[in-house]
Amino acid sequence: MKNKNKIKITMNGKQISLNQNLPLKKLVERLKIPLNKVAIELNKEIVNKKKLNQILLKNKDKIEIVHFIGGG
Amino acid sequence: MKKKDYFIVADKKFKSRLIVGTGKYKNMSECAKAIKISGADIVTVAVRRVNISDKSKPLLMDYINPKKITYLPNTAGCFNSDDALRTLRLAREIGGWSLVKLEVLGDKKNLFPDSIETLKSTEVLAKEGFKVMVYCNDDPLMAKRLENSGASAIMPLAAPIGSGLGIQNKINLKIIRKQTKLPVIVDAGIGQASDAVEAMELGCDGVLINTAIAKAKNPFQMAEAMKYAVISGRKSFLSGRIKPNLMGSASTTGSGII
């Protein structure tokens with residue numbers, strides 16, 4: 001049965017099902033992402049990491065969370 | 001007293017003229033050890049997605065402390081200006097860095113830079129306050145254009161990325177060095193220590209090496225070799241070499257000969 005309170009978002013290319021109106025901050029905390037070592041993009045706009053609590057996730061949102069890896 | 005010969009990029013002073021890439025190592029601890037041995041003050045790093053399904057994966061920052069070594073975020077894997085700009089804006093957001101390495105490639109096989117996209121990106125980034133070190137072809141005219149567009153350093157290739165072929169076009173590098181006020185760093189194509197010496201003897205201000213160290217049979221020994229090669233080449237350049245002569249000139253005086 002389809003739950004109307006659920007939304008689908010894409011995070012780093014993967015589809016995730018979440019409760020509606022979940023603050024981005026909660027999702028990041030749930031995934032235990034070290035905020036000081038990443039940058040976050042929501043629908044191709046860079047997100048101010050201090051304002052994550054104010055961002056409520058909507059259906060079809062696209063999130064990218066990136067960090068530094070080895071490279072030349 | 002002689003003034004200390006610092007390597008200066010975008011008004012920042014560095015001791016080492018060797019920049020080391022952090023890709024292609026067997027693991028992070030090997031990478032961290034090689035960097036330490038190389039004495040590099042700057043390392044290039046790439047921006048990629050966090051692995052959200054496997055968080056046990058080690059983080060680069062846990063091995064290489066960005067407070068001790070300057071991270072130089074790059075745009076590896078970008079083939080157009082939009083992707084490169086997006087990557088560097090994200091990089092700046094991660095840690096507040098504005099010193100970045102721009103690299104917009106044009107061909108997946110030879111990995112040569114796309115000069116038009118590179119120039120376009122340099123203009124935008126400079127306007128946004130980035131200090132852009134630009135990977136480019138060994139083309140003096142393009143190097144001049146990049147300088148006029150606000151680049152902070154010119155990084156011409158010696159040969160294709162990862163090829164280890166060494167410096168292919170000494171004349172071009174010399175002309176690029178002669179015509180610009182910016183630091184010139186030979187980026188890509190170094191294979192062995194003598195290539196690094198040669199780059200420095202041409203008057204270049206620094207060398208960027210990744211594959212030649214990471215993929216050497218003994219990366220630690222090669223890291224050390226490159227460290228001394230860059231120092232040696234720089235000292236040789238500053239010392240003012242003798243004029244090459246076609247004929248011999250005896251080292252010992254002929255007077256008093258029996």
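Colleague: If helices are DSSP runs of H or I with at least four residues, and strands are DSSP runs of E with at least two, what does the secondary structure of chain A come to?

Modeller: This is a predicted model, and in it chain A has one helix and five strands. Read along the sequence, they follow the pattern β-β-α-β-β-β.

Colleague: What box do the C-alpha atoms of chain A fill?

Modeller: Taken along the principal axes, the box is roughly 50 × 25 × 20 Å. Of the 72 residues of chain A, 26% count as buried. Among contacts between residues at least 6 apart in the sequence of chain A, 55% join residues at least 24 apart.

Colleague: Where is A:Pro34 found?

Modeller: A:Pro34 sits in the loop of chain A between helix H1 (24–30) and strand S3 (39–42). The C-alpha atom of A:Pro34 is separated by 19 Å from that of A:Leu22, although the two residues are 12 apart along the chain.

Colleague: And why does A:Pro34 count as partly exposed?

Modeller: Because A:Pro34 has 13 other C-beta atoms within 10 Å, and a residue is called partly exposed when that number falls between the limits of 12 or fewer for exposed and 20 or more for buried.

Colleague: Now the contact between the chains: how many residues does each chain give?

Modeller: Chain B gives 28 residues and chain A gives 20. On the side of chain B that touches chain A, strand S4 (42–49), helix H2 (60–63), strand S5 (70–73) and helix H3 (81–95) each supply at least two residues.

Colleague: Which of them gives the most?

Modeller: S4(B) does, with six residues. By class, that side of chain B has 15 nonpolar, seven polar and six charged residues.

Colleague: How do S4(B) and strand S5 of chain A run, parallel or antiparallel?

Modeller: They run antiparallel, and five bridges join S4(B) to strand S5 (residues 62–70) of chain A. One pairing to look for is that of A:Ile69, whose bridge partner in S4(B) is B:Ala46.

Colleague: Staying in chain B, what is the order of the strands in the open sheet?

Modeller: The open sheet has three strands in the order S6-S7-S8, with parallel pairing. Strand S6 (99–102) and S8 are the edge strands, each pairing on one side only, and the twist averages 20° from one strand to the next.

Colleague: How many bridges join S6(B) to S7(B)?

Modeller: Four bridges join S6(B) to S7(B), and B:Leu102 has B:Val134 as its bridge partner in S7(B). Four bridges also join strand S7 (residues 131–136) to S8(B), where the bridge partner of B:Met133 is B:Ala153.

Colleague: Which way do the residues of S8(B) point?

Modeller: In strand S8 (residues 153–156) of chain B, B:Ala153 and B:Met155 point one way, B:Ile154 and B:Pro156 point the other way, and all are buried. In a regular strand, side chains alternate between the two faces of the sheet.

Colleague: What lies across S6 and S7 of chain B?

Modeller: Helix H4 (residues 115–127) of chain B does, running at about 175° to S7(B). H4(B) also packs with H3(B) at an angle of about 35°, the axes being 9 Å apart, and that crossing is right-handed. From H3(B), B:Ser81, B:Ala84, B:Leu85 and B:Leu88 meet B:Glu117, B:Lys120, B:Ser121, B:Val124 and B:Leu125 of H4(B). By class, the residues of this contact are five nonpolar, two polar and two charged.

Colleague: Last one: what covers the buried residues of H7(B)?

Modeller: The cover includes strand S9 (185–187), strand S10 (206–209) and H9 of chain B. Helix H7 (residues 193–201) of chain B is mostly covered, with seven of its nine residues buried, among them B:Asp195 and B:Glu198. Just after H7(B), B:Gly203 takes a positive phi of about 105°.

Conventions. Residues are numbered from 1 along each chain as its sequence is written. Chains are lettered from A and ligands numbered from 1 in the order in which they are written. This is a predicted model: local features need pLDDT of at least 70, side-chain atom pairs count only at pLDDT 80 or more; totals for chains, interfaces and linings use all residues. Two strands pair if DSSP finds at least two bridges between them. Two residues are in contact if their C-beta atoms, placed from the backbone, lie within 7 Å. Ala, Val, Leu, Ile, Met, Phe, Trp, Tyr, Cys and Pro count as nonpolar, Asp, Glu, Lys and Arg as charged, and the others, Gly among them, as polar. Axes are lines fitted to C-alpha atoms, for helices over the stretch in contact, and angles run from 0 to 180 degrees between N-to-C directions. A crossing is left-handed if the near helix is turned anticlockwise from the far one by less than a right angle, and right-handed if clockwise.
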